[in-house]
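The exercises below are meant to be worked through with the sequence and the coordinates open side by side.

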Protein chains: 2
Amino acid sequence: MPSVEIVAVGTELLLGQLVDTNTPFIASELARAGIDVRATQSVGDNRERIAATVRTSLARAQGVLMTGGLGPTIDDLTREAVCDALEVGTELYEPALRQMEAIFARFGRPMRANNRKQAELPAGCRPLDNPRGTAPGFIAFASDERFVACMPGVPREMKPMLREQVVPFLRERFGARETIVTRVIHTIGLGESEIDHRIADLFGSCENPKIALLAHDFRADVKIMAKASTADEADAMIAPLQTEIVRRLEDGVFGYDADTPASAILRLMRSQQRRLAIAESCTGGRIAAALTSVPGSSQSFAGAVVAYDNAVKISQLGVDAGTLERNGAVSDEVAREMARGARARLGADVALATTGIAGPDGGTAEKPVGLVLFALDDGTENSRVWNFSLEGDRETITQRATVIALNLLWRYAKGQAP
Amino acid sequence: MPSVEIVAVGTELLLGQLVDTNTPFIASELARAGIDVRATQSVGDNRERIAATVRTSLARAQGVLMTGGLGPTIDDLTREAVCDALEVGTELYEPALRQMEAIFARFGRPMRANNRKQAELPAGCRPLDNPRGTAPGFIAFASDERFVACMPGVPREMKPMLREQVVPFLRERFGARETIVTRVIHTIGLGESEIDHRIADLFGSCENPKIALLAHDFRADVKIMAKASTADEADAMIAPLQTEIVRRLEDGVFGYDADTPASAILRLMRSQQRRLAIAESCTGGRIAAALTSVPGSSQSFAGAVVAYDNAVKISQLGVDAGTLERNGAVSDEVAREMARGARARLGADVALATTGIAGPDGGTAEKPVGLVLFALDDGTENSRVWNFSLEGDRETITQRATVIALNLLWRYAKGQAP
């Protein structure tokens, strides 16, 4: 079975200064197309090592997909290294040069001499258009027809080039392949070991479809992957397993595939014709950002007040100054008044409020860093306050608090007592 | 110079279902310790391929650091594959078994038969404690003393094992190493080719210290890396280059190392004793989230209103209903009134407002998806509106709009006409 390898170029990857998201993106697109990825690698901005990596990969796989190192600077060495590995020279590709000139003209910026080298591609290659940036990509060939496809490292340039030019090339070259379909079942509020306990017997049952469990903080995904010659066939293999898993995890399943906790909450709110508002202190806008990521969120999301300052809690949410003074900003009473105020002032049916101590400063013995309170108000006796003690640094605490807020909102909207 | 390679094990990595954050974490810890990473790889849960990868890496580097594949399931094959690669058998390590039993007892969970295999480690290895999980790690040795250090894939188990056991082992084995110091100069609002044009001559000038340029949307980082025997020495090598680069890019440099656009804005605001407020429509809370990521942000950030709904724009920001009706929510007039309202109502000195069409729906011929307006109000004639046409999907547009907003705020706070 033909396979490819993926190589990411950049010294910053070897220094841990950048998390490589290109490789997983390429890998998942290839999985959808039924193309086997044998291994992935990253290598620094070093001409000899890049060339050696290309040679090693080409000895194991029919093709290599590379990202990065196509820019105009002296550190951009992928073109030269690929020529070395394939033992070919470079040629100036006039159409690529013309296109680059047109892009610079459109951006109203002068094209400099160093950009010209971006149009000098391996002889005999197939250039790849890059309408979103200046560096053209290319597919270069070894004498035995093995190939190296080079794409820019900037994700918004790489992604359309991969989808529109490289994947079609691979499909044609490798013929019709099996397809891999993945169904993701998203859960929230169930522990990893709890999920494992409920579905462990299904894990070992078969290789195709295959089940995997991926845990995040307070969230976990169960993935079912099936290989078949058509997507319909793969779907049919997945369906019974999916039904069984959802039956066992029902109290935690909020959605599938592209669903997010926010999209699940807004779907429930919309079906109940209710509107949601948020009052955020320690989460600082993250709950609102999650909700507004969902297309069409304005239908059921009224808005939010990020009330970092006590004066804003008073002026925008109607929190009582006396309540603040008596109890402090991180208190059940203030959380409750923030939620009540957000609901009333933003014209919503339901509101959730957060207040807590994200750190690194501001903690006390009584109210340590990591203490976060959540209040929900819908104008009935269902209104409640919860408190959590979260561990981690400032970023981790606010991130966890955001997920917990979404869990509470989802369970509330579903009619489960959170 | 001795070097290591990093290998991440897991088929999910080759299917793009998981972004590997272990490898960059390990790489950055090794950079701090002055240990050279030659390349990184990922490989699937396949015994032969893992063994072949270990052999390839050991032929190029003195050591291999691996993550993943140490669990109890049938898919966890790292132990066996490393034994194959090094041509050694396994041994039951009693202390590792005892420790696992103790951990299961502490978690109150029964230890199953398949967990036992986790204590069967390569003969002659040095076991690594894993107090946070069940899978012990180990460092196994080839006959020529090259080594393979295997750690679990779960980040919270891997990280302390790396820091407390593997890095000290590497330091001892490789002797006192050179240290690598990195200085990051952060810029905003300058294009990549503009930066390259201004500093290109410095790039080629030397290998140590070395300069690299890393571009994001509307942001770019220039990194200076120096290798020396002490951090002070490396700092001294960096200093003159840093001064020269900052001189050339001064209009775009907002900070260094851990600085963010938000921290730079808040630092300026604090020194000017001014307070900032935000009114967000299409950015949906992201500007507030960026600002509140900064510890101590409450000193100069009053808060934000996420006014997704027109009714909220009216009630919380005092936008005039007639203005909305005549001009639509995405208009200069509404942007201006949102900023003015946020400033007045949140008790701030300066406010920025965003309103735009993030898509995928809601665009018209006159106001297409991607149109985003920014208004800044400080109660003087400096108050202004900007409009941008952004490309991309919903997530990209809101992300770019957030960076542009931070760029405008930073330039305003610095006293540059943005």
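Predicted model: local features only at pLDDT ≥ 70, side-chain atom pairs only at ≥ 80, totals over all residues.

**Exercise 1.** Decide how far helix H4 (residues 78-86) of chain B is enclosed by the rest of the structure.

*Solution.* Begin with the criterion, under which a residue is buried if 20 or more other C-beta atoms lie within 10 Å of its own. Because 7 of the 9 residues of the helix are buried, H4(B) is largely enclosed by the rest of the structure.

**Exercise 2.** Describe the side of chain A that touches chain B, by strand and by residue class.

*Solution.* Start from the contacts, in which 69 residues of chain A meet 69 residues of chain B. The largest share of this side of chain A, 7 residues, is supplied by strand S14 (residues 301-307) of chain A. Sorted by class, the side comprises 32 nonpolar, 25 polar and 12 charged residues.

Next, look at the strands: S2 (residues 36-43) of chain A pairs with S2 (residues 36-43) of chain B in the antiparallel sense, over 5 bridges, and Ala39(A) stands opposite Val43(B).

**Exercise 3.** What relation superposes chain A on chain B?

*Solution.* Chain A is brought onto chain B by a rotation of 179 degrees with 1.6 Å of shift along its axis, at an RMSD of 1.8 Å. This is therefore the relation of a two-fold axis. The same surface serves both copies, since 84% of the contact residues of chain A recur in chain B.

Note on methods
Residues numbered from 1 in each chain as written. Chains lettered and ligands numbered in written order. Contact = placed C-beta atoms within 7 Å. Helix = DSSP H or I, 4+ residues; strand = E, 2+ residues; numbered from the N terminus. Nonpolar A, V, L, I, M, F, W, Y, C, P; charged D, E, K, R; others polar. Pairing = 2+ DSSP bridges. Least-squares fit on C-alpha atoms with pLDDT ≥ 70 in both. Buried ≥ 20, exposed ≤ 12 C-beta atoms within 10 Å, placed from the backbone.
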